[in-house]
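Dear colleague,

I am passing on the structure below, followed by some notes on what was found in it. Please read them alongside the coordinates.

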Amino acid sequence: MAQPDSKKIFFENLSGAGKAIAVLTSGGDAQGMNAAVRAVVRMGLYVGAKVYFIHEGYQGMVDGGENIREATWESVSSMLQVGGTVIGSARCKEFRSHEGRLKAAHNLVQRGITNLCVIGGDGSLTGANLFREEWSGLLAELVEQGLIEADAVQKYSALHIVGMVGSIDNDFCGTDMTIGTDSALHRIIEVVDAIMTTAQSHQRTFVLEVMGRHCGYLALVSALACGADWVLIPEMPPEDGWEDKMCQKLSATRSRGTRLNIIIVAEGALDRHGKPITSSFVKDLVVKCLGFDTRVTILGHVQRGGTPSAFDRILASRMGVEAVLALLETTANTPACVVSLCGNQSVRLPLMECVQMTQEVQKAMDEKRFEEAVKLRGRSFENNLKTYKLLAHRKPESELPTSNFNVAVLNVGAPAAGMNAAVRSAVRVGISEGHKMFAVSDGFEGFYKGQIKEIKWADVGGWTGQGGSLLGTKRTLPAKHVEKIAEQMRKHNINALLIIGGFEAFLSLLELLTARGKYDELCVPMVMVPATVSNNVPGSDLSIGADTALNAITTTCDRIKQSASGTKRRVFIIETMGGYCGYLASVGGLAAGADAAYIYEEPFDIRDLQANVEHLTEKMKTSIQRGLVLRNENCNENYTTDFIYQLYSEEGRGVFDSRKNVLGHMQQGGAPSPFDRNFGTKISAKAMQWISKKLVETFRQGRVFANTEDSCCLLGMRRRALVFQPVVQLKEETDFVHRIPKEQWWLKLRPLMKILAKYKTSYDVSDSGQLEHVVRNRPKESDASVAM
C-alpha cells in the first residue's frame with residue numbers, strides 16, 4: 001500500500017476526544033439526508049467524539065428526553081439507501097420563541113453538546129445561527145434560574161454550528177447542488193420518460209407541474225434533460241403575449257411530425273404581473289387555442305421520495321465528513337458555516353452570507369428585477385437557462401447567421417449514456433450558429449467508408465432520453481485509414497470535427513494531429529468531449545456516462561444486499577467495469593456503502609485481502625449482517641473475482657458465507673441519468689461555441705486552415721471549471737499502457753470509504769474546504785463547473 005506523503009496534513013492532528021457533536025435534520029426532508037447523518041456519526045466516532053442524534057429536528061431539541069440519544073456505529077447501518085430522514089424532521093414553532101431556545105440550550109448543556117451539525121434549508125440554518133448568537137445569554141439565564149452550575153458557562157462557552165443544505169429545491173445560494181436535488185430530478189425524469197411513451201401513442205400534450213417553491217431549478221433542469229417544448233419558472237416570467245408564442249411553438253412542432261408535446265411548469269411560476277401560472281391554466285389554454293388532447297400531471301411529493309441517487313449519496317457522505325472536520329477546526333471566533341460543493345470540490349462558506357444572498361434572489365423577484373434574480377441564482381442556473389433557450393427555440397431560417405461552414409460530429413469508442421444528448425446539443429447549437437451539421441455513423445470506420453450525411457434540427461428531437469449511441473460508435477482508430485478520411489473531409493468540405501467518446505477518441509485526436517503534416521484537410525479545428533462509463537480520459541475529472549453507470553452499480557448493490565436480509569450473514573463480491581480505471585469501483589463503493597474496493601491504482605497483496613476478511617469477520621460478530629466488496633475488472637491479474645470469492649468463502653467459514661456477481665454491460669446500458677443528460681448537453685454546447693470561434697479565427701483566403709496545437713483540444717471538467725486543453729499537452733499526464741490519467745482526483749475519496757467502513761486509515765485534509773466568501777459571479781469558465 002502507498003505510504004502517506006509526510007508533507008500532507010492528515011487529520012490525526014484533529015482529535016475529537018472530549019467533544020460532543022449532535023446531528024439533526026430540520027424542515028422538509030430530502031433524499032440523501034440519511035447518508036449525511038451516517039457520515040457525521042461515523043466520522044465523529046472515528047475521531048473520538050461522542051455523537052448524538054436529535055430526533056424530530058428542533059422540536060426534539062426543545063423537548064429533550066428520549067429525543068436526544070447517543071449514536072453508535074451500528075445505529076447508522078443500512079440507512080445509506082433509505083430515502084427521507086430516519087431521525088425525523090419537524091417544523092417547530094416553539095424554537096422560534098426565546099423560551100423554546102432556552103429549553104433547547106438546557107437540553108444540550110445537560111449532555112455537554114456544544115457542536116451542532118444541522119441538515120436543512122435556509123430557514124433551519126438561519127434558526128441555528130440565531131441560536132448560536134444567543135448562546136452565552138441563554139446560558140447566563142439558565143444559571144440565574146438555577147438550572148445549571150455557574151462553571152458550565154465557562155465550560156460550554158461557545159456553540160459551534162456547521163450546516164449542510166438538504167433541500168430538493170436547490171434554492172440555496174453558494175452551493176452548486178443541495179442534498180436531494182439530483183434524486184428529485186431522477187424522480188421527475190423517470191415520470192417524464194414514462195409519460196412520453198403514452199403521449200406518443202395518443203398524440204397528446206402533457207403539462208407537468210414540479211416542485212421547487214420559489215425556485216425554478218427543478219423545472220428548468222428537467223426541461224433541459226427531457227427536451228421539453230416549453231418551461232415556466234418564477235425567476236424568468238414569460239413576456240406578455242407568451243400564450244400565443246407557446247401555442248405557435250407547439251403547433252410548429254406538431255407540423256414537423258412530432259406526436260407529443262411536453263410543457264413543464266414550476267409550482268411557483270408567475271407572469272410578469274405577479275399572477276400565478278398554474279398547470280390547469282396552461283392545459284385550458286392549449287385546449288382552447290389548439291384543440292390538442294391535453295393532460296395535467298402534478299408530481300407532488302413523489303419528488304421527495306424514493307432512494308437517493310448515487311450523486312446524492314456521495315455528495316452527502318463527503319459533506320458529512322467535511323462538516324465534522326469543520327467542527328473540529330472551529331474556534332469561538334469562527335462564523336457559522338455551511339459545507340457545500342463547487343465543481344467537484346468541497347468548500348466552506350459563511351452561513352449568513354449564503355442566507356442573505358438567497359434572500360436577495362427573492363427580493364429581486366418581488367421587485368421584478370428578473371435578470372438580476374437569474375444572475376443571483378448562480379452561474380450554473382444562468383447557464384442552464386441560456387442553454388435551454390438555445391436548444392428549445394428554433395430561430396426562423398431568415399434570422400440564422402450564414403457561416404458556410406460544415407461541421408461533422410461523431411461518436412468514438414464504447415457507447416455511454418448521454419452521448420445522444422451531446423449530439424443533439426451539438427447539432428442544434430451548430431445550426432443556431434449558422435453551420436451545416438453532418439453526422440458520421442459508426443465512428444472513424446463509418447468516416448472512411450463515407451457514411452456521412454447532413455443532420456437537421458428535427459432529426460435529433462427526442463434524443464436526450466435515449467441510451468447508447470444512435471449515431472453508432474466503433475473503437476476503430478483513424479491512423480490506418482487517414483488517407484480515406486482526408487478524402488472524405490475534402491469530398492464533404494468538412495471544416496471542423498467534434499468527437500464525442502472515451503479513451504479511443506483521445507487517441508484518435510492525437511493520430512489526426514500527427515497526420516496534419518501530410519494532409520491539409522486535417523488542418524481544421526477539432527475538439528473532443530469525454531464520454532465513457534470508465535471515466536478514464538485524461539484532462540477531465542468527469543465523463544458523460546459515468547454517472548449513469550454509478551447509478552446502475554448502486555441500484556444493483558442495493559438489491560443484492562437486500563437479498564440477504566433475514567438470512568444468515570453474507571458477503572457479496574461484485575465485479576465492476578472500468579478497464580484499469582478504478583473510478584466505478586471506488587466511487588460506486590462509497591455510494592453503496594462497500595467495505596472494500598480493489599483497484600489497479602492502489603496495489604494490494606494477500607496480506608491486505610486477509611486483513612479485509614478479518615475486518616469483516618469482526619464486523620459480522622456484531623449486529624451487521626451484510627458485507628459488500630467491489631473489485632475493478634482489471635485490478636490484478638492473479639487476484640481474480642473467483643479467487644477473492646473463494647478466499648472469502650474459506651476464511652469466513654462459520655461466520656459468513658459469500659456470493660459473487662459480475663455486473664457486466666448493464667453498467668453501459670439504460671436511459672441516461674439527469675446528470676449525464678445535462679452534462680452532455682452543456683459541455684457539447686460549449687464545444688460547439690468554441691468551434692464557431694476557432695472557425696472565424698482560422699478562416700483565411702477563402703479556406704479554414706488550423707494547424708496550431710490549440711486548435712486540437714479536449715474539453716474537460718477540471719475542479720471548478722470547464723477548460724479546453726490541447727491534446728498534445730495531455731500526453732505527459734497519460735499512462736497509455738493502462739489507458740488512465742497518471743493523477744486522478746477521486747483517489748482522495750478512497751480513505752473516506754474506508755473510514756465509513758470502520759477501517760483505521762489516514763485522511764488527507766490538505767484539500768478539504770477552506771472558509772471562502774460567497775462570490776456573486778465566479779470566473780467565466782466555471783459557468784458549467786458542475787454539469788447540473
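Which residue in β2 does V23 stand opposite? Its counterpart there is F53. This is a predicted model, in which local features need pLDDT of at least 70 and side-chain atom pairs count only at pLDDT 80 or more, while totals for chains, interfaces and linings use all residues. Residues are numbered from 1 along each chain as its sequence is written, and side-chain values use heavy atoms, with hydrogens and water left out.

Strands (E, at least two residues) and helices (H or I, at least four) are DSSP runs, numbered from the N terminus. Strand β1 (residues 20-25) runs parallel to β2, to which five bridges join it; strands count as paired if DSSP finds at least two bridges between them. β2 also pairs with strand β3 (residues 68-70), here in the antiparallel sense and over three bridges, with I68 of β3 as the bridge partner of I54. Four of the five residues of β2 (residues 50-54) are buried, so the strand is largely enclosed by the rest of the structure; buried means under 20% relative accessible area and exposed over 50%, with partly exposed in between (1.4 Å probe, protein chains only).

Just after α16, N493 takes a positive phi of about 50°.

Best regards
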